[in-house]
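Work through the exercises below with the model open. Each task is followed by a stepwise solution.

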Amino acid sequence: MKVVDIHSHFFPKSWPSLQEKFGGDDWPWLRHQSSDGSDTEKAMLMKGNKEFRPIYSACWDAQVRLEEMDKHGVDSQIISATPILFAYEKPIEQALYCAQLFNDAALTICQENNQRLFAMAQVPLQNPDAACIEATRAMQSGHVGVQIGNHVGLKNMDDEGVLTFLHHCASESIPVFVHPWDMMAAERTKDYMMGWTVGMPAETQLSIVSMILGGGFDRVSKNLKICFAHGGGAFTFLLGRLENAWLHRDIARGKSEHPPSYYLDRFYLDTAVFDHDALQLLVNKMGTDRLMFGTDYPFPLGEQQMGQLIKSAPNMSEINKQKLLASNAEQFFTLNT
Ligand code: CO
């Protein structure tokens, strides 16, 4: 069975010091660790002088990645930046520099691994015009889509600038993957990785809800191909609550022309939910044409046995498993795998 993972991340092995170039003390960089005798090189992802996350060479070394993909039966992966590289809060020229730097680095990792590794680009979303230009440039240089963070500061997905960018992507058939980041309630979720386990699913739910109720799906072309990460976060589980509010409270309708459930055929979700009941709920709500296999590889919060959730899903036909594992993604990203 063919397997295409649409949600995986990379870091270049190194990049020019952004702190030296732009000043400021919160830029990401990698502090490589001396070998501990194991096969994989390790590094600490730093944000300024703070340790952010330990990572290993699968992030930057295509051979390490391909060996692990082989071990797990993954044919192709789409790699994308992690949101710490987005620089949405920086001046536009700095964010554009980062986008071009990391977009070109992603293609370098994919080079010579045709049909196995593909890349999604990042864009400086705080400036919609620059984001559109970089998205077009990236697609021309070989990217298969763009990944955006699910908000820009206080601006949600129904923001005019974000919608301008999505309109551009629809008009140029650029697939968009929305990844949660910069999680809400940071002060109250700083322990136990609750920013990732609680904040991220809430962020993604907020994105889809704001896109629906802000009238985003009414205004952006149906040609827009957009996918939200982590199974849409809390969205499908709480859709009944949202629908009930929409039906019974005028102020809960926002600008949407239809009830929330009307828009389920306007977007895709990945399957990074790590639980069969959750996957079944996604199938029940979204159908089998709008779900795409995603792992969040190579991070500890990703699917450790890549592909097993879908392959071992009870009550799912082989045809549907193949749709989720590869066919939907091949269509969405127009992949020639
Ligand atoms: Co991710």
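**Exercise 1: Cysteines**

Step 1. A disulfide needs two cysteine sulfur atoms within 2.5 Å.
Step 2. C132 is buried, at 9% relative accessible area. Buried means under 20%, exposed over 50%, and partly exposed in between, with a 1.4 Å probe and protein chains only.
Step 3. Searching the whole structure gives zero disulfides. C98 is in none, with the sulfur of C59 the nearest at 17 Å. C98 is buried too, at 1%.

This is a predicted model: local features need pLDDT of at least 70, side-chain atom pairs pLDDT 80 or more, while totals for chains, interfaces and linings use all residues. Residues count from 1 along each chain as its sequence is written, and side-chain values use heavy atoms, without hydrogens and water.

**Exercise 2: Helix α8**

Find which residues of α8 (239–248) are buried, and what they pack against.

Step 1. Helices are DSSP runs of H or I, at least four residues; strands are runs of E, at least two; both are numbered from the N terminus.
Step 2. The buried residues are L239, L242, E243 and W246. They lie on the same side of α8, because their arc is only 100 degrees around the axis, taken from the directions from the helix axis to the C-beta atoms.
Step 3. R241 and H248 are exposed, on the face turned away from the buried side.
Step 4. The buried residues pack against α6 (194–213) and α9 (276–286), where contact means heavy atoms within 4.5 Å.
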